[in-house]
Amino acid sequence: MQPRNMSMSGVVDLAAVKAAQEAKAKAEQARAEAARNGGGGAVSPSSLVIDVSEADFESAVLQRSAEVPVVIDFWAEWCEPCKQLSPLLERLAAQYSGRFVLAKIDVDANQMLMQQFGVQGIPAVFAVVAGQALPLFQGAAPEEQIRGTLDQLIQVAEERFGLTGIAVDPEAEGEAPVVEEAPAGPYDALLEAAVQALDAGDLDGAVQAYKNVLSDDPGNTEAKLGLGQAQLLQRVQGLDPQQVRRDAAEKPADVQAQIAAADLDLIGGHVEDAFGRLVETVGRSAGEDRDAARVRLLELFEVVGADDPRVTTARAALARVLF
């Protein structure tokens, strides 16, 4: 079982953008549903600490991370530092009262998950937010340091992904209430087909599937975002990165060379570089060339997401060079 949409290399992957948008939508939908039902949906304190295996990782961690940050504690029975860290993390999970969920993974019984996360030694602590994995720390750490790390994680989860945690009922006992899934929307099958096409490397099929949705529902946010991602992947497919960057460096006035380099910048996670390159290109070009650079920049804004602060900054810079 391969966890999906996880990026621990420090490079921004495009799936993270989609995951952020989906997580925000799900969080807002969950809050609206809770409001319609008069609140509720609170879980018991015991539900904040769970044992996770390879069999239930998808539902217990990846799916749950669309609602609340999931902190993962990789441990083993023979690990002495784990015996100090694990109880501390459990206590903090209770004290933070739903701002994060603690998932405990026994590495001896779940070697595949250990390998997929690149765990080199234990204890090792990771987090998964909206399907995105990131390392937090390895080894036993002071409580003050751990609290600081958790505070930063919670802040990022709320500001970037719209995750505000889950409600906890101190009086509740037993299992958390089972929430029935909402009925599938009219475009869920088409959107799932597009995701499957992306996973299979069928970019043409993914583009067409997203276009099919947009032909009936032009305002569909997920389809617009997915289409932008798929088209970006189409554009860079088959490019020689070294040649593209050489052309961009040697021909600063060549707008198409700068546009191609900006696409590669974004694919590689260099978001500010991509935006800055195109803003400069817009500023020093005119006519059709200028419009081409401007349009591509707007397309890349859509890929990253309007709520990203880097988009806000780049929009202001674009306005300055245009007006």
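Which residues do ring pairs link into a cluster? I found F57, F74, F117 and F126 joined that way.

Before going further I noted the ground rules. This is a predicted model, where local features need pLDDT of at least 70, side-chain atom pairs count only at pLDDT 80 or more, and totals for chains, interfaces and linings use all residues. Residues are numbered from 1 along each chain as its sequence is written, and side-chain values use heavy atoms, with hydrogens and water left out.

**Entry: aromatic pairs.** I took rings of Phe, Tyr and Trp (its six-membered ring) as paired if their centres lie within 6.5 Å, with planes under 30 degrees apart counted as stacked, over 60 as edge-to-face and the rest as tilted. By this rule I get six aromatic pairs. One of them is F57 with F117, edge-to-face at 5.8 Å centre to centre and 75° between the planes. For the element names I used DSSP runs numbered from the N terminus: helices are H or I with at least four residues, strands are E with at least two.

I then checked burial (buried is under 20% relative accessible area, exposed over 50%, partly exposed in between, with a 1.4 Å probe and protein chains only). F57 is buried at 0%, and F117 is buried too, at 4%.

F74 and F126 came next: their ring centres are 5.7 Å apart and the planes stand at 85°, so this pair is edge-to-face. F74 sits in strand β2 (residues 70–75) and F126 in strand β4, so the pair ties together parts 52 residues apart in sequence. F74 is buried at 0%, and F126 is buried at 8%.

**Entry: a charge over a ring.** My test was NZ of Lys or CZ of Arg within 6 Å of the ring centre and within 35 degrees of the ring normal. The charged end of K104 sits over the ring of W75, 5.2 Å from its centre.

**Entry: backbone.** Which peptide bond did I find to be cis? The bond from I122 to P123 is, with omega near 0°, and P123 lies in the loop between α4 and β4.

S97 has a phi of about 50° and lies in the loop between α3 (80–96) and β3 (101–106). Is S97 buried or partly exposed? S97 is partly exposed, at 38%. A130 has phi near 50°, in the loop between β4 and β5 (132–138), and A130 is buried at 6%.
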